[in-house]
Amino acid sequence: MLSYQRAEFPVRDAFAEAHSRFWTRLAAPGAWWTGSGRVAIVAEARHAWQCVLYRARQAALTPAAVDGEHDHLNALPEVAVDVIHRVTTDPGRLSRKWFDRILEAGLSEVQYVEMIGTLVALISIDRFCLGIGVPLHELPQPLVGEPSHYRPEGLTTGDAWVPMLAPDHDTGPEHDLFEIRPTGNVIRAMSLVPDEVRTLNDLGAVHYLRNGQVRDPSASAGTLSRMQMELIASRVSASRRCFY
Amino acid sequence: MHSYLLRASSKLEGTEVDLSALTANEIKATSGVAHSDVLIAFADAIVAANDQALQHTRHSVLEAMGAEAVVDAAGVVSNFERMVRIADSTGILLDDRMARASQDVREALDLERFRAFKESD
């Protein structure tokens, strides 16, 4: 169980509880990665900020202008390392052509989506720790076991680089994924690997709002007004050059 | 999407907000949003992972808004450190409904320039 009891500020229990649920999931086999693979993904995400290639590309007009190899931990294939480093350090400059090259290099769409879901949850928790001034949590020991290879039915293509469930999907094992229908594309984006949506929902409800509240501009949570929450959200999006 | 929600929530409060502060390089207050300057500075420090700026801006939020606000603001910043990466790594489109509702805000902030890389090399 993760804890924020030593933080300088009182942190409501819901944060530690949601972060602990992700930590438990992180260590276990997922749909397309083993537990050791999943822990290796987040370890690489933490390492990405020390990569010399990342720093050189940050200074360039476009990342394609700088060739080189990533400094990495030698635990994952190079194509996976590229995804982790690019998504972690420079998400605003990812392109469709880059994504197509990733698939050509051997990573499958399902592996890609689980990798994204895993590393972005880690980034979110790490940034929270940074914000409140506590050390990053030690990564969990991976559990033994094989991935489930579960792929949901009812996927659609054309609205994104990856297949997604329809925005009004509400049947079968995925009936719980979308709190509102039609749901937003950013929630659908992870639905090729349904557990990644469940993690997204779980963390989002504690850090921000439940999905069902987002479209209601009068909804808020905690001490911040909705305007203050949206000011922060917009500023982070602009800083990361996110069009969404 | 969230610049639109900022404007929608401000309308509910009967307040006009200056959206230009969202994309300005320098940190400036956004009229109508209380403590906007300290919140923007804190968000920028977390995004930049700048230890020195974090210490300073965390203290500013604490002084201006209290300890719970530090935790809540860190929660929102870190939430969107996740969401922007999901949007940008999966090539999703803006939902039709949200695209229509936010068109003028997106034009005012020139947010389409961030989409240019999606079709580049």
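## Chain B: contacts and layout

Among the contacts in chain B with a separation of 6 or more, 33% join residues 24 or more positions apart. This is a predicted model, and the chain B part of it is built from 7 helices and 0 strands. Read from the N terminus, the elements simply go α-α-α-α-α-α-α. Chain B has 121 residues, and 50% of them count as buried.

As for confidence, chain B has a mean pLDDT of 84, with 79% of its residues at 70 or more. For the complex, the predictor reports an ipTM of 0.95 and a pTM of 0.93.

## Where the two chains meet

The contact between the chains involves 64 residues of chain A and 64 residues of chain B. On the chain A side, five helices each put in at least two residues: H5 (96–104), H6 (109–132), H7 (185–188), H8 (194–207) and H10 (226–239). H10(A) gives the largest share, with 14 residues. Sorted by class, this side of chain A comes out as 37 nonpolar, 17 polar and 10 charged residues.

## A closer look at H10(A)

Take H10(A) by itself. After H10(A) comes A:Arg241, which has a positive phi near 60 degrees.

## The nonpolar core

The largest nonpolar core holds 104 residues, and the members touching the most others are A:Ile84, A:Leu119, A:Ile232 and B:Ala73. H6(A) supplies the largest share of this core, 14 residues.

What does A:Leu119 touch, leaving aside residues up to four places away in sequence? Its partners are A:Ile41, A:Val42, A:Ala45, A:Ile84, A:Val87 and A:Thr88.

## Helix H3 of chain B

Over in chain B, helix H3 covers residues 36–48. Its 13 residues reach 18 Å from first C-alpha to last, close to the 18 Å expected at 1.5 Å a residue. The buried residues of H3(B) are B:Ser36, B:Val38, B:Leu39, B:Ile40, B:Phe42, B:Ala43, B:Ala45, B:Ile46 and B:Val47.

Which elements cover those buried residues? The cover includes H6 and H10 of chain A, along with H2 (20–23), H4 (51–65) and H5 (67–90) of chain B. Just past the end of H3(B), B:Ala49 adopts a positive phi of about 50 degrees.

Two histidines have a positive phi. A:His149, which is not a glycine, has a phi near 55 degrees and sits in the loop between H6 and strand E1 (155–156) of chain A. B:His35, likewise not a glycine, has a positive phi of about 60 degrees and belongs to the loop between H2 and H3 of chain B.

Are these histidines buried or exposed? A:His149 has 9 other C-beta atoms within 10 Å, so it is exposed, the cut-off for that being 12 or fewer. B:His35 counts as buried because it has 20 C-beta neighbours inside 10 Å, and 20 or more is what burial takes.

There is also a cis peptide bond in chain A, between A:Arg181 and A:Pro182, with omega at about -5 degrees. A:Pro182 lies in the loop between strand E2 (164–165) and H7 of chain A.

Definitions and conventions
Residues are numbered from 1 along each chain as its sequence is written. Chains are lettered from A and ligands numbered from 1 in the order in which they are written. This is a predicted model: local features need pLDDT of at least 70, side-chain atom pairs count only at pLDDT 80 or more; totals for chains, interfaces and linings use all residues. Two residues are in contact if their C-beta atoms, placed from the backbone, lie within 7 Å. Helices (H or I, at least four residues) and strands (E, at least two) are DSSP runs, numbered from the N terminus. Ala, Val, Leu, Ile, Met, Phe, Trp, Tyr, Cys and Pro count as nonpolar, Asp, Glu, Lys and Arg as charged, and the others, Gly among them, as polar. A nonpolar core is a set of buried Ala, Val, Leu, Ile, Met, Phe, Trp, Tyr and Cys residues joined through C-beta atoms within 7 Å. The expected span of a helix is 1.5 Å times one less than its number of residues. pLDDT is the predictor's confidence in each residue, from 0 to 100.
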